[in-house]
Amino acid sequence: MTPHLWESVYLAYRAGYDACGAMLLPRGGQGPLHELLEHPELWDRVQHAIDETGVFPDGIGNCIIDDPENIHPYGMGTPPDPEALRPYFAFAGEHHLGGVQTSIWTDRMDFACERFAALCDVCADYDLTVNLEFVAWGVCDTLAKARYILEQVNRPNARITLDLMHLYYSSVSPAEIEACPPEWFGECHICDVPHIVFPREHKELAVEGRSYRLFPGESGVDLAPWIRAIPATTLCVPEIPHKLRTEKWGSFEYACRSLDACKHYYIINQIPL
């Protein structure tokens, strides 16, 4: 991500993407696009970039759910208060910037459902969806658990995010995906796993998964059955963070190679793009 959303739109277009993340929400302070809230007139530059390229911003970042009194050791830090994020949600809703990502890091399931429902309710005020991602090293670590939470909260804007790494490490079958209503799935992260065997230490997997994922096909894992099970309405997103490769090639070239690798995997496995 660049500091300016309009630059990200142009870069995504040059790299061959249909969309780019807006990433509006703050992470440990002001977000990278906080300037848009302070200077809304800058949106004209974003809109001009969208009109020129056809690339649409989608996804405004994470609003995680954790217990402030007992932060998960492999989680993502202190959870923000959705009420405090209303200015970001309002801006995202006004400009159609897509949904909010979340994940659950507390063992208190009643509390998790309560906070997820509250996040959905706040986001619904701005016509935003909330995409719950189950994470292999987290508390909500399977599709079955994510499905349970959606059924418990019963909010029309609640969705599930799929991720090929978490599907593989959590032993989720393609049949489990196909058994869910297709409208439940907001997006799917395309990548390959850094290890064939699930590491014993969740902390090790968290580090690998956040910084050293592989291009589809590199590990030897057959990812195609999961990809074929993804509903056609789901937004597919390359999510392949790799610290060393990004340092070697630069972020723009790495983004280009990530997309090329995903398209190549689809083509060789005869999966429609």
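Buried, in this tour, means under 20% relative accessible area, exposed means over 50%, and partly exposed lies in between, as found with a 1.4 Å probe on protein chains only. The structure is a predicted model, in which local features need pLDDT of at least 70 and side-chain atom pairs count only at pLDDT 80 or more, while totals for chains, interfaces and linings use all residues. Residues are numbered from 1 along each chain as its sequence is written, and side-chain values use heavy atoms, with hydrogens and water left out.

**The sheet**

Select the strands S3, S4, S5, S6 and S7, which in that order form an open sheet with parallel pairing; strands (E, at least two residues) and helices (H or I, at least four) are DSSP runs numbered from the N terminus, and two strands pair if DSSP finds at least two bridges between them. At the edges, pairing on one side only, are S3 (100-102) and S7 (235-238). Now select residues 130-133 and 158-163, which are S4 and S5, joined in the parallel sense over 4 bridges, and look for Leu132, which stands opposite Ile160 in S5.

**Two helices**

Next select residues 143-153, helix H6, which lies across S4, S5 and S6 (185-190) and runs at about 170° to S5; such angles run from 0 to 180 degrees between N-to-C directions, and axes are lines fitted to C-alpha atoms, for helices over the stretch in contact. Contact means heavy atoms within 4.5 Å, and the residues making it include Met109 and Phe116 of H5 and Tyr148 and Leu150 of H6.

**Salt bridges**

The structure holds 11 salt bridges, each being a side-chain nitrogen of Lys or Arg within 4 Å of a carboxyl oxygen of Asp or Glu. Select Arg257 and Glu253, whose side chains meet at 2.9 Å, N to O, and which both lie in helix H12 (residues 251-268), 4 residues apart. Arg257, at 34% relative accessibility, is partly exposed, and Glu253, at 32%, is likewise partly exposed.

Glu218 is partly exposed at 39%, whereas Arg245 is buried at 18%.

Finish with Glu83, Arg86 and Asp125, which are linked in a network of salt bridges.
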